[in-house]
Every structure is written in structure tokens, then in C-alpha cells.
Amino acid sequence: MADSQGHSNGLTAQAFGAVLDASPDALLAVAADGSITMANAAAERFFGISRQDLAGRSHRSLFTAGFRDEVDKLFRQLGTEPGKPPPLREVFCVHSGGAKFPAEVAASLLPGLEADGQTPTGAAPQLLLSVRETSHRAAAEEDLREAMSLLTATLESTADGILVMSDQGHVAGFNDQFLSMWGIPPELIKGDSAEPIMQLVNAQVSDPLAFVDRINELEDNPAAESHDVLDFKDGRTFERYSRPQRVGDMIVGRVWSFRDVTPRRKAQEQAQQAMLDLAAQAEKLRAMAFQDPLTGLANRAVFNDGLAQALQEPRLKAVDVLLLDLDDFKEVNDILGHQAGDDMLIEVARRLRGCVPTADVVARLGGDEFVVLLTACPNADEIAACIVRCLHVPVTISGTVLRPSLSLGLASLGQDNVGASELLRRADIAMYAAKAAGKNRFLRFHPDMMTALVQRTDMESGLQLAVSRGEISVDFQPIVSHRMGQVVQFEALARWDRSGERVPPSVFIPLAERTGLISEIGSEVMALGMVQLAPWLTEDPSRSLSVNVSGVQLQDPHFAEEVLRLAAASGVAPYQLILEVTESVFFDADCSLIKQLSTLRDAGARVALDDFGTGYSSLGRLQDLPVDTVKIDKTFVSMVRTGTERLPILSSMINMAHSLGLTVTAEGVETVAQADYLTALDCDSLQGYLFSLPEPGRRLEYALHHAEEALNALNALNGR
Ligand code: C2E
Ligand code: CA
Ligand code: CA
């Protein structure tokens, strides 16, 4: 405002006043006595006091209690060191309304001037105070502090690890999460060099080279942002995000953030795996719709489709259906177990496929039933014969050598254009005929077979009524003890006389077992047997009655109860009863079956193992079975022809049974040689045509007589 000579640059007092008023800071002139001599517009505004009112007032009234001496101090300071401007003083001022506000005060000395404001008076200098309100600054600082603490809190509470690197390569900031995620000791990050940290980091990531490459690449492109995924050697996965750190337009560093996405990754991988599994399962299901899961052959649906298509094809002259059913497969299943059964089916399927590589369809229809579809085949009969032959080759299953055998029915499209279901039915009828003809063979369908089928269904309906019609009767066959020289037992054997014609047990017993009718028939045989034999039994308590029992009957939880009831009703003591069962009832035996037999044995009845030696079991199993007697099957007895042969099998069977405390009966004894041979082996009882045929109840005396005659002749011959 004034040059070095103290002259103004031509500024009028009025203009000077305007300049003062333009200042945003409050300007006040204070005389040595502390009174205000001049104030500008900003001062009026700050303090809420007009210029007129300010004039003459003490400056002290403008400050809060603690700051009222500040101006005096400034005076003194400028008085002692006039050339040196004192530093800014921070004070609190008071508005006329009472509000306090922070301010900065600067001060300088004003020489005394005339009223024109230009001429020095030589009077005592005044103090020019410049007061700048700083409340906005305090607010800004407060805001900054708040923002900083918010930022720190945010940084520390975030799950992300954050690292800020300066463009000089120094660590400019990080949060605790960053340290713990990377396992960096805090003292390491406070060090000068980033090298040990890089080593630590490189040791953890799966691909350290790629990791370093990426960092270098971003160093060359400070403005670039990056987003990628880091895989760790320990299986963790981090998402890495980085962007430049800017201050204004300048890039001063880079902010890195790391997020541990391992759980999310794992969940994603699991979800992905689940999707794959699901897809695989769906594929399997699709395959299963057309495939037999056990053997991998086609299923019934595929066969039906194939057959329907073949029959629609007008040029196809030859269409052959070969239906096969394994013989006695149930036995394999029952005796060797389901796993063996499955193994057998798989082997059969394998052989079957090998036999007919050119077949249109080879399918498993279910159970042990298979079907082959041949079209345009000139020699279906040869193929059928070949299948029967190939299947009959021995195979070892579960340690047992088996010869799978099957019955095959063949039906072909002929002059009479039959439909698919009729063709299959014919193959089925032929297959049944093959079974009836002795199994292990194939038969081509012939209309006569229909008659056999009709007979079979007719037989079944006849059997249903057999008991109620009184067509079931019992024959008794004596069993002799050579030691006692008398008949000790009778076996009751079922007979069915149908309209005056006798149906052999080998025909109706299996049918009765298949249909469940055996329970009713078995009870009838037992009741008739007990009633008819009761007089003979009561004469001598050492005599007994033997009755055949099927596995089906033993399934009935009331079986034992029923047997004991029948015995009581006919006056037969339970200990005079022998129940004949075959080995097969013990395989797959459940507790209930064992319980039935135990109840009967507890009541004194005995159990005989019928047809011993024909089953699949080894002799070793004998000791585990709840039996008292074994009945050696007639096939073994028939091995004795002259009586001079060595048959170790017979002697070991008898010895084994004896060593287990069981008695032994031989069945099917037809010749003296056989009787002698068995007697020599110490067999306990003998049964067979040599002694007597099975005879009806009214001929019991005859049977007894005949048997004892034969026994006497035998003993006489041997000089006993
Ligand atoms: P099984 O229990 O082995 O009965 C013995 C079979 O051998 C009887 O045949 C009998 O007549 C026959 N037989 C007796 N002595 C000789 C002989 O010296 N030589 C020959 N070759 N055979 C002889 P059957 O009466 O035809 O009975 C056949 C099968 O039917 C019986 O064999 C038995 O398994 C079954 N069966 C008979 N009646 C019943 C019954 O009431 N219930 C049950 N579940 N099955 C029965
Ligand atoms: Ca028997
Ligand atoms: Ca037998």
C-alpha cells in the first residue's frame, strides 16, 4: 500500500477503506491503550458489532477468557522485536451473540497517521490485527479425522487383505488381514526391503513365476487395473484385485486387495462335481432304460422293439425267437447264495453273446430268462443247439464247479403270420416243453405243445381241488433195522388219484411247491399218515412215522404248532415223528424256519436230512444243521452193483454222520448186494423195494410182512 518513502500510490482514503473492506479477514487497528480505532466490514461480520460500536471498545471483549491477553502479548513482542512478524496465534473469539469461534490472529505495527490516513503523525504506533476465522478448518480436520478412523476401521474389519505400495516400491499401507492371510510377520513389513516379503509370498503361491510376471507387468503399466486368481500350494485360492492409487491426477502407487475365496471355490468345485455326478447318473439311467444292469445285455423293452420292427419288415422271411430259461437256477441261488446266482447269470450272458455274435438282440427278460432275436438267419435250429451245448460247459462259481444247463424254446415266423406276442408265447410254450422233456435241451414250437400247456394249467386247477375232493391219499413204505430185525419206521408218501388216474409225485409235488398248494397237501398227508399209523405206533414207542416237509411249509410260522396239534389229535407222541427235509431248506434259512424245527425237536420230534449227498453242500456243513438222521440218496446206493466194489464215498458219508452222533438210513435199496454192502458199513436202517414198495394204509400188514420176510432172508443168508 505504501512505498518505501511511506507514500501511498495515490490511493485515496476512501479507496483505502474499500480495500480494507474487501479483505475476507477481520482487520482491526488497536491503540496502545487497547481500544479499537478502526474495523473493516469483515470485523463487523465476525463479531456482529458495527464499526461505530467497535470503535473505542477494548479488544479484550472480542476474545474468550483464556485469550484476552493475546493482543497485549503481541504488542510487547512487536515492541521488542519490531522487524520480526510474530507467528500466527490461535485464539477463540466471541461473537456479540455469545457464540465462540476459533480464529488465527496475525499482527503488525501501524505507524500513527493523520486523519487523511497518509500523513505520519509521529504518534505511538497502533497494532493492526488480522483475524481469520478457522472454524471451517477445524470442521475439515474433524471430518478428516473421522474419515481416517472410518477408513481404518473399514480396512481392519474387511475380510480382504489390503496392501498399498508406493510407486517407489515401498509399503505405504496394509491391514492386519493382509498380514494374516499371507502369514507375514508384522516386523517384516515394517522393514525397508520388500525382498523378504516377496520370498515369503513366492513360497506360497502355486505358480511363483506367473505371480512375479504379473507384478512386473503392472509396474510397467501403473494406470492398469487387474483382477485375477491366485492358487496356493496349500490348496487355498485368493482373488487378487489391484488398481492405481491416485492423488488428484497423479498416480502415486498401487492398491492391492486379496480375498480368500477358498470356501467359495470349494463350494463351486463341489457343485460342479455334483453336476457331473448328476449327469453321469442321468446317463446311467438312460442306459438302464435299455440295458439289463447285471449282465449288460439288452432288456425286455429293447427286445420288444426289435421284434416289432422285424415283424414289420416285409422282406424279412425269417424271424426266430429263442427263449431260454436256466434249469434249477433257484437251487444255485438258494444254496450258493445270491452273489453266486448273479455270477452265474453274468457268465451265462457272456457265453450267450459269444454264441450269437450276429443276433439282432440278446436280452435278459428278468430272473434267469433270456431271449435271442434272429432275423434272416438260415439255421436257427443249429444256433439253438449250439447255445445249449456251449452253456453246458462247467464253470467255477464261489469255489463250486457248476454246469449251467438251460431249456430253450424256439419259435419262428412261418406261413401263419403271427404277431410279436404270439411268437413270444410260442417260444415260451416250447421252452416249457423242453423243461418237461428233461431240461438241458432245445425244442422247436409245435402245435401239439399247446395240448401239454393246457394239461399243465389243467393240472394246476385240478391240484387246487385235490384235497377237498379227497383225491390225496398216503402210501407207507417200511424202513427196517437189520440189527433189530424188524420194521422200525414207515415213510408217508403222498399220492394223487385224479379221476382214477395216478399222477406221479415227481409231477405234482414240484407243481404244489411252486403254487404254494404244498402246505395244504402236506398237512393232509400228515393228518392221514398219523391217523392211519397211530395203532401201529402206539403198540411200541420205539416205532416212528416219517413225513416229508417242503421248505415252503417251514416258512409258515405256525407250522410246528400245527404238527403238534395233528399229533395230539391222532394220539401220536411227538417223539414218534420224523420230519424229512432236504438240505436246500437250510440255505438262506431265516430264524423263523430254525425256530420251527427247534420247537419240534424240543417236543421230541426228530429231523432227517433227505436225499443226502445230492445237494451242493459239503459234508462239513452237516455238524451245523439241526438234524438227527441222514438219508443217503438212492443214487449212491445204486452205485453198489456186485457188492465187491470199493465206494469210499459211501463209507465216509456213514462214518461222518456217525461221528456226529447221527443215525443213517439208506434209501432205494433194491438188491441183496446193496443191503449187504450197507449193513457191512454199519448203516442203521434200510429202505427200498427190496423190503417193500410204498403201500396204502389198508395194506400195512402186507408191507410189514413182506419187509420182515426180506430182512429174515437177508440175515439167514449171512448166517445171522
Ligand atoms: P423221497 O422223499 O426221496 O421218497 C422216496 C422216493 O423213492 C419215493 O418216491 C419212493 O417211492 C421211492 N422209492 C422207494 N424205494 C425205492 C427203491 O428201492 N428204488 C427206487 N427207484 N425208488 C424207491 P415217490 O413216492 O415217487 O416220491 C417222490 C418224491 O416226492 C419223494 O422223494 C419226496 O421228495 C416227494 N414227496 C412224496 N410225498 C411227499 C409229501 O407228502 N410231501 C412232500 N413235501 N414231498 C413228498
Ligand atoms: Ca423222503
Ligand atoms: Ca429221499
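In this predicted model, a polar side-chain atom of Glu667 lies 3.4 Å from an oxygen atom of ligand 1, a polar contact being a pair of N or O atoms within 3.5 Å. Two further approaches, each at 3.0 Å, are made by polar side-chain atoms of Asn548, to an oxygen atom of ligand 1, and of Ser550, to a nitrogen atom of ligand 1. Taken alone, ligand 1 exposes 800 Å², of which the protein buries 82% (Shrake-Rupley areas, 1.4 Å probe).

The shell around ligand 1 divides into nine nonpolar, five polar and seven charged residues, where Asp, Glu, Lys and Arg count as charged, Ala, Val, Leu, Ile, Met, Phe, Trp, Tyr, Cys and Pro as nonpolar, and the others, Gly among them, as polar.

Glu580 lies in strand E22 (residues 577-582) and Asp610 in strand E23 (residues 606-612), so the pair ties together parts that are 30 residues apart in sequence. Asp610 coordinates the calcium ion (ligand 3) as well, 4.0 Å from ligand 2.

Residues are numbered from 1 along each chain as its sequence is written, and chains are lettered from A and ligands numbered from 1 in the order in which they are written. Local features need pLDDT of at least 70 and side-chain atom pairs count only at pLDDT 80 or more, whereas totals for chains, interfaces and linings use all residues, and side-chain values use heavy atoms, with hydrogens and water left out.

Note on methods: Donors are N, O and S atoms within 2.8 Å of the metal (3.2 Å for Na, K and Ca); water is not among the atoms, so sites may look incomplete. Helices (H or I, at least four residues) and strands (E, at least two) are DSSP runs, numbered from the N terminus. A polar contact is a pair of N or O atoms within 3.5 Å; within protein, one must be able to donate a hydrogen and the other to accept it, and residues adjacent in sequence count only if both atoms are side-chain atoms.
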